[in-house]
Amino acid sequence: MSEGDPNLTPPIPSVLASLSFPETPHVTGLRFGAMSNLNITPSGIPQVHTPPKAQQRAPPTVPTPPRLRAPPARCLSRAYQRLWDASHVTLQELLDQEQSLLEPVPTQGRQSFQYRVSSLYLCYLGLLRRFDALYDQMVQPQKRRLLRRLLDSVAGRVLELKEELVHTDLCETHCLDHVLQDLALTPADLEVPIPKYFVLEQSSVLRERELMLAEILSRMGSLSFEEGVPAMHCTDAIILLQMAERARQGRLRATFMREIRREEERDRKMRETGWHKFTHDQAAITIQKVWKGYLQRKRIQQDRQTEMEFIGMLPSAKQVEPLGKVSQAWARLRQLEKEEEFQVALVKSHDALRALEGPALKEEMQEQIRQWFIECRALTGRFPDYPDESLGGSYLTFADKTPEQVKMELEMQVQETKKKKKEAETMLKVLPSKCIPMIKAGHEEYKNLWKNPYDSLHPGQSFDPETLRMEKRKELEQEIRTQVDELMRQELKNLRLAVDREEGRRLKFPKKNTGKKAGKKKKETDLTSNRSVDSLFEELVILGFLKQSKTVALKDYVGDFLYLGSTLSLAKKLPMPSLFDIRQNIALYGILRLGSSDIHAMAPLIRSVLLVGPSGMGKKMLVSAVCTETGATLFDLSPGNLQGKYPGKSGVQMIVHMVFKVARLLQPSVIWIGDAEKNFYKKVPKDEKEMDPKRIRKELTKALRLLSPGDRVMLMGATERPQLAEITGLCHTYERVILMPRPDYASRYVLWRHMLEAQGVQVTPSLDIHSLAKVSEGYTAGHILKAIQAVLTERRLIRLSKRPLVASEFLGHLAKLDPVYREEEESLKDWYFNTPLGKRMTQLIKAQEEEEARLAKEKQKRE
C-alpha cells in the first residue's frame with residue numbers, strides 16, 4: 001500500500017480533530033471544537049485559557065493548607081467535563097466504525113484491512129490517554145466509577161486490536177508511520193499510556209511488602225556481615241586510622257603551601273612591573289565596561305533561549321509542571337474526602353431503602369411468584385419447576401429471554417465457532433470483542449446520567465443521591481430476590497405435597513453440545529497446604545527466588561520511532577523493530593495486562609513473553625520496568641539461581657509450586673528466567689551438566705497451563721543464544737517472542753543525548769552527537785553507557801566548564817568493546833523466522849511474491 005494512495009482514505013476522518021491529548025507540548029495549539037478554550041498540559045492536566053489581566057476579576061481569598069494552593073476547582077471541573085464530553089463524541093464515532101470490521105474481508109484486501117484496524121487502534125490509544133487523565137483528576141465519586149469501567153474496557157479494546165494487528169501482519173511490530181501521516185499525528189500519539197492508578201491504588205500494599213522484604217534482607221545482611229568480615233585487632237585499627245589522618249594533614253599542608261607560593265609570585269610580578277594607578281573616572285569606566293558587558297551577554301543569552309523555546313527547539317524553562325503537580329495533589333486529596341463521604345452515604349442509603357422499601361418489595365415478589373404458580377397450574381394442570389439458583393432463580397422466569405431463546409443463542413455460538421476455522425484460511429475478520437459491550441454500556445450510562453449536567457446539581461463535586469438510590473435499589477432487589485427464592489422453593493414444595501401429592505423435581509436444562517468432548521482439567525495439588533504465605537515468602541527471599549526489583553520507569557528505556565517502516569516494506573525490505581517498538585510491546589503485553597485484574601480478564605490471555613537479543617539491549621531493565629509500573633513482585637527461576645537448590649524431582653515440583661502459589665497470592669507477579677535457552681538445550685554442555693538446567697522444563701510448562709484469565713502472573717524469559725535451544729519447546733512455553741536487534745541510527749542518537757544528560761552533561765555544539773551515533777553502529781545501549789561512564793569520571797565532570805566534551809574522547813573506549821557483528825544479528829533473524837509466527841510471515845511473503853509474479857506475467861502476455 002502506498003502512502004499517497006487516494007483510494008485508501010482514513011476511515012474515521014471526523015474524529016481526528018479530537019483524537020488524542022498526548023502528554024507532549026505539540027498538541028497544545030490544536031483545535032478541539034467545543035474544547036477550543038481548553039489546553040492539555042504535558043502532565044495531562046486540562047487548563048482553561050484565562051483572559052487578559054484587565055478583564056480578570058480578583059478572586060476571593062480562600063483559606064488553603066500551608067504550602068499548597070488550591071487551583072480554581074469550578075473551572076477545572078468544567079474543563080474536565082468538556083474533555084469528557086469531547087471524549088464521548090469520539091467514542092460514539094468509533095463505535096459506529098466497529099460494526100464494519102466484523103464483516104469478512106478477502107486476503108487480497110489485507111492492506112486495507114490492516115489500515116482500518118491500525119486507525120482504530122490509534123484512536124482508542126487517544127481515548128485511553130484521555131480517560132486516564134479524567135479518572136486521575138475527576139473528584140465526583142460516581143463519575144470516577146464510570147470512568148474506571150470505561151478506562152479498563154478501552155484498555156482491553158486496545159489489547160484486542162493489538163492482537164488483531166499481530167494476526168494480520170503476522171509480526172509483533174507494525175509499520176504505522178503511513179497511518180500516522182494520514183491521520184496528522186506524531187509518534188508521541190503512538191505511546192501507550194500507563195494508567196496512574198496501577199501503582200497509586202495499591203501503594204499501601206506495596207509499602208508493607210517492601211518493609212517485609214527489607215526486614216528479611218536486613219536480617220540476612222547482618223548475618224552475612226558477621227560471617228564474612230574478619231575481626232581486626234585494636235593495634236591494626238589504630239595504625240590504619242593514623243595513616244588516614246596523616247594523609248589528610250599532608251594534603252591540607254600541600255594546599256596551604258601552594259597558596260603561599262601563588263601569593264609570592266603575584267607580589268613579585270607587582271614589584272617588577274609596578275602598580276598601575278587609575279583615576280576615579282578611569283576606574284569607574286572600567287567597572288562599567290565589565291558590568292555592562294556582563295549584562296549584555298546575559299540578555300543576549302536569555303533572548304536566544306526565549307527564541308529557541310518559541311520555535312520549539314528547546315523545552316520551555318517555564319513549565320507548568322509545579323502547578324500541575326499541585327493541582328494533581330489537591331485533586332487526589334479531594335478524591336479521598338469525597339470517597340469517604342460516598343462510602344458513608346452507601347451504607348445509609350442501603351439501610352434506609354431496606355427499612356422503607358424492603359418489606360413492600362419482598363411482598364410484591366412473593367405475590368408475583370404465587371400468581372405464576374397459579375397460572376401455570378391452571379394452564380398445564382401442574383405446578384411449574386422452580387429455576388435453579390445458579391441460573392438466576394426467579395429472575396430467569398421474569399426476564400426478557402426465555403430458556404428456549406437462551407438455548408438458541410448457545411447453538412448459534414457453537415455454529416459461529418465452527419465457521420471460524422473455515423473463514424480464517426480465506427477471510428480476514430475481527431473477532432467479537434468482550435470489551436465493546438462494556439464500552440457501550442458505559443457510553444449509554446454517560447448519556448443518560450452525566451451528559452452536560454449543571455454544576456448546581458452537584459455542588460462541590462458531591463455525589464448524586466438519586467443515582468445512588470437507583471443503584472442501591474437494584475442491589476437490594478437482587479438481595480431480596482435471593483431470600484424470596486429460598487422461601488418460595490419451600491412453599492412450592494409444600495404446595496405439591498398438599499395439592500398434587502408429589503415430591504419436588506429438579507429442573508433439567510439442555511447440555512451444551514460443542515461437538516468435542518471436553519477434557520477434564522486437572523486440579524493443582526497444594527503441596528504446601530499446611531504453611532502460611534508469610535513463611536513461604538520468607539523462604540523464597542532467603543533462598544534468592546524472590547528479589548527486590550530495581551526502580552526503573554518504562555520511559556527510561558529510550559529509543560526513537562522507525563520513520564521509514566512503510567517505505568522499507570514497499571521496497572521489499574523487511575524492517576526490523578526499533579527500541580520504540582520494543583518499549584510499546586512491553587507496555588502492551590506486560591504492563592497493561594498486569595496492572596489491572598479487570599483488564600487482564602477482558603484482554604486476550606498471554607502468559608509468557610520471551611526477549612531475544614544480544615547482551616546490552618536492556619532485557620533486565622524492561623523486566624524491572626514492568627515491576628515498577630505495575631507494582632509486581634519479582635521471582636527469579638533462572639538456571640543459575642536454581643543450581644544446588646531443591647535437588648531431585650520432588651524438589652523441582654516443590655520450588656515451582658511454591659513460586660507460582662506465592663505469585664498468585666501476591667499478584668501482580670513477574671517470574672523472570674535469564675538464559676532461557678538453557679531450559680531447552682538441544683545438547684547440554686559438559687561444564688553445565690552438574691547444573692542440570694533442563695530439570696525445570698516439564699514442571700514449568702504444567703504450571704503455566706494452570707494460569708487462567710484473572711491470574712496476573714507473567715513468565716518473562718531472556719536469551720542471547722536461542723539457536724542452542726529446541727525451538728518447538730521454547731516457543732510452546734513462551735507465547736510471544738520479542739526480537740531485540742541492534743539500535744538503528746535514530747535510536748543511537750537519542751541514546752547518546754539521553755545518557756549524557758543523565759550524567760549531568762549539557763550537550764554543546766562542540767560535542768558532535770551525530771558523528772557519535774554514526775560511528776557507534778553495531779554497539780548496544782549497554783556499550784554506549786559503558787563508554788560514557790568510562791569518560792565521565794568525577795574529575796572530568798569537574799573540568800567540563802573549562803574543557804568541554806568532544807566526540808573523540810569516547811572513541812578509544814568504544815574501540816575496547818566488542819560490538820554486535822552483522823553475522824550475529826543475521827543469525828538471530830534466521831532463528832526468528834523459524835518460529836511459528838515467523839514461518840507464517842515467510843509463507844505470506846512468498847505467496848505475495850508469487851502473486852505479483854503471476855500478475856506481471858499476465859501483464860506481459862497482454863502487451
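In this predicted model, Ala184 is found in the loop between α4 and α5, the latter spanning residues 197–200. The backbone of Ala184 has a phi near 60 degrees, a positive value in a residue other than glycine. Is Ala184 buried or exposed? With a relative accessibility of 68%, Ala184 counts as exposed, because the cut-off for that class is over 50%.

Leu170 also has a positive phi, of about 55 degrees, although it is not a glycine. This leucine belongs to the loop between α3 and α4, where α4 covers residues 177–182. The relative accessible area of Leu170 is 6%, so Leu170 is buried.

Pro668 sits in the loop between α21 (648–665) and β8 (669–673).

Attention now turns to how helices pack. Helix α3 (residues 141–169) and helix α13 (residues 435–450) have axes that come within 9 Å and cross at roughly 150 degrees. Why is α3 described as roughly antiparallel to α13? Angles over 145 degrees fall in that class, so the crossing angle of roughly 150 degrees makes α3 roughly antiparallel to α13. The crossing of these two helices is left-handed.

Which residues make this contact? On the α3 side they are Gln142, Lys143, Leu146, Arg149, Leu150, Ser153, Val154, Gly156, Arg157 and Glu160. On the α13 side, Cys435, Ile436, Met438, Ile439, Gly442, His443, Glu445, Tyr446 and Trp450 take part. Sorted by class, the contact of α3 with α13 has nine nonpolar, five polar and five charged residues.

Leu468 lies in helix α14, which covers residues 465–500. Its relative accessibility is 3%, so Leu468 counts as buried.

The axes of helix α17 (residues 579–595) and helix α19 (residues 619–630) come within 10 Å and cross at roughly 40 degrees. That angle makes α17 oblique to α19. Here the crossing is right-handed. Ile582, Ile586, Gly590, Ile591, Leu594 and Gly595 of α17 meet Leu622, Ala625, Val626, Glu629 and Thr630 of α19. By class, seven nonpolar, three polar and one charged residues make up the contact of α17 with α19.

Aromatic rings form a further set of links. How many aromatic pairs are there? The count comes to nine. One of them joins Trp84 and Tyr446 in a tilted arrangement, with 5.2 Å from centre to centre and 50 degrees between the planes. Trp84 lies in helix α1 (residues 73–101) and Tyr446 in helix α13, so the pair ties together parts that are 362 residues apart in sequence. Both Trp84 and Tyr446 are buried.

Trp752 and Phe810 form an edge-to-face pair, 5.4 Å centre to centre with 70 degrees between the planes. Since Trp752 lies in helix α24 (residues 745–758) and Phe810 in helix α28 (residues 808–815), this pair ties together parts that are 58 residues apart in sequence. Trp752 has a relative accessible area of 0% and is therefore buried. Phe810, at 0% relative accessibility, counts as buried too. Elsewhere, ring pairs link Tyr135, Tyr197 and Phe198 into a cluster.

Which residues does Arg736 touch, not counting residues up to four places away in sequence? They are Glu163, Glu172, Tyr589, Ile606, Ser608, Val609 and Leu610.

Conventions:
Residues numbered from 1 in each chain as written. Predicted model: local features only at pLDDT ≥ 70, side-chain atom pairs only at ≥ 80, totals over all residues. Heavy atoms only, no water. Axes fitted to C-alpha atoms, helices over the stretch in contact; angles between N-to-C directions. Helix = DSSP H or I, 4+ residues; strand = E, 2+ residues; numbered from the N terminus. Parallel < 35°, antiparallel > 145°, perpendicular 65-115°, else oblique. Left-handed = near helix turned anticlockwise from the far one by under 90°. Contact = heavy atoms within 4.5 Å. Nonpolar A, V, L, I, M, F, W, Y, C, P; charged D, E, K, R; others polar. Phe/Tyr/Trp six-rings, centres within 6.5 Å; stacked < 30°, edge-to-face > 60°. Buried < 20%, exposed > 50% of the residue type's maximum accessible area, 1.4 Å probe, protein only.
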